[in-house]
Amino acid sequence: MKEGQKEIYYITGESRAQVAASPFMETLKKRGYEVLYLVDPIDEYMVQQMKEYDDHKLKSITKEGLDLDETEDEKKKKEEEKAKFENLCKLMKDILGDKVEKVVLGSRMDESPCVLVTSEFGWSASMERIMKAQALRDSSTSNYMVSKKTLELNAQHQIVVELRNKAEVDQSDKTVKDLVWLMYETALLTSGFSLEEP
């Protein structure tokens with residue numbers, strides 16, 4: 001682990017190539033953090049039981065609550081951006097409805113416009129895929145576990161900036177709605193989920 005890294009970061013997925021190309025890896029790679037690639041289905045069950053190793057907590061980089069050490073300048077900049085993008089986040093939540101629990105600004109992306117993260121105690125995208133493949137699964141449990149998704153936006157990305165500008169001019173613009181849905185469905189795929197109607 002990099003010196004100063006407090007937690008053991010991990011990401012689950014179908015293959016090493018898939019997780020290595022994930023938008024969740026962008027900022028962590030840039031900052032030099034080590035991330036475990038967990039690509040076997042059994043790993044999903046293992047990390048639910050094994051919460052820490054050698055006094056270091058295991059932390060999924062695809063779930064809420066990822067706290068990267070930020071400088072005071074980065075924190076200040078984040079607060080300013082939060083105020084600037086508040087209206088866009090609210091509009092996107094209104095457009096997407098119950099597809100997402102909330103829309104917020106994130107700090108885990110560098111090059112991608114947005115990602116979908118799951119709640120800290122819900123299923124990851126990989127676990128959701130595994131559970132959908134189960135023959136005798138209890139659908140009431142899966143409906144509860146899969147419903148908590150948060151769309152995190154990258155305030156630095158040109159698409160997000162342009163979307164904010166368009167929304168400020170006219171919130172009912174069809175182009176804005178279409179772009180929000182396109183971003184959401186693209187984020188589903190890049191974050192490891194599957195489309196409801198491919």
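**Figure 1. A salt bridge between K102 and E64.** K102 and E64 form a salt bridge in which the closest N and O atoms are 3.3 Å apart. K102 belongs to strand β5 (residues 102-105) and E64 to the loop between β4 (56-60) and α4 (72-96), so the pair ties together parts that are 38 residues apart in sequence. The model is predicted: local features need pLDDT of at least 70, side-chain atom pairs count only at pLDDT 80 or more, and totals for chains, interfaces and linings use all residues. Residues are numbered from 1 along each chain as its sequence is written, and side-chain values use heavy atoms, with hydrogens and water left out. A salt bridge is a side-chain nitrogen of Lys or Arg within 4 Å of a carboxyl oxygen of Asp or Glu. The structure holds eight such salt bridges. K102 is partly exposed, at 37% relative accessible area, whereas E64 is buried, at 18%. Here buried means under 20% relative accessible area, exposed over 50%, and partly exposed in between (1.4 Å probe, protein chains only). Helices (H or I, at least four residues) and strands (E, at least two) are DSSP runs, numbered from the N terminus.

**Figure 2. Strand β5 and its pairing with β7.** β5 pairs with strand β7 (residues 149-153) in the parallel sense, over four bridges. Two strands are taken to pair if DSSP finds at least two bridges between them. Within β7, T150 stands opposite K102.

**Figure 3. Two salt bridges within helices.** In helix α4, K90 forms a salt bridge with D94, and the closest N and O atoms are 3.7 Å apart. The two residues are four apart in the helix, a separation of about one helical turn. K90 is exposed, at 54% relative accessibility, and D94 is exposed as well, with a relative accessible area of 52%. In helix α8 (residues 174-190), K174 and D178 are likewise four residues apart, about one turn of the helix. Their side chains meet in a salt bridge with an N to O distance of 2.8 Å. K174 is exposed, with a relative accessible area of 58%, while D178 counts as partly exposed at 40% relative accessibility.

**Figure 4. Aromatic pairs.** A search of the whole structure finds two aromatic pairs. One of them joins Y9 and Y33 in an edge-to-face arrangement, 5.5 Å centre to centre with 70° between the planes. This pair links distant parts of the chain: Y9 is in strand β1 (residues 8-12) and Y33 in the loop between α2 (25-31) and β2 (35-38), 24 residues apart. Y9 is buried, at 5% relative accessibility, and Y33 is also buried, with a relative accessible area of 12%. The rings of W181 and Y184 have centres 5.8 Å apart and planes at 90°, so this pair is edge-to-face. Rings of Phe, Tyr and Trp (its six-membered ring) pair if their centres lie within 6.5 Å; planes under 30 degrees apart count as stacked, over 60 as edge-to-face and the rest as tilted. W181 and Y184 are three residues apart in helix α8, about one helical turn. W181 is partly exposed, with a relative accessible area of 30%, whereas Y184 is buried, at 4%.

**Figure 5. Lysines over aromatic rings.** K2 lies over the face of Y33, at 4.9 Å from the ring centre. K149 lies over the face of F193, at 4.8 Å from the ring centre. A charge sits over a ring if NZ of Lys or CZ of Arg is within 6 Å of the ring centre and within 35 degrees of the ring normal.

**Figure 6. An open sheet of four strands.** Four strands form an open sheet in the order β2-β1-β4-β3, and the pairing is mixed. The edge strands, β2 and β3, each pair on one side only. β3 and β4 pair in the antiparallel sense over two bridges. The bridge partner of E52 is K57 in β4.

**Figure 7. A nonpolar surface patch.** M46, M50 and Y53 form a nonpolar patch on the surface, with about 280 Å² of accessible area together. Patches are made of residues with over 30% relative accessible area and no salt bridge; like charges are joined within 9 Å, and nonpolar side chains (Val, Leu, Ile, Met, Phe, Trp, Tyr) within 5 Å. Accessible areas come from the Shrake-Rupley method with a 1.4 Å probe, and for residues only the protein chains shown count as cover. M50 is placed in the loop between α3 (41-49) and β3 (52-53), and M50 is partly exposed, with a relative accessible area of 31%.
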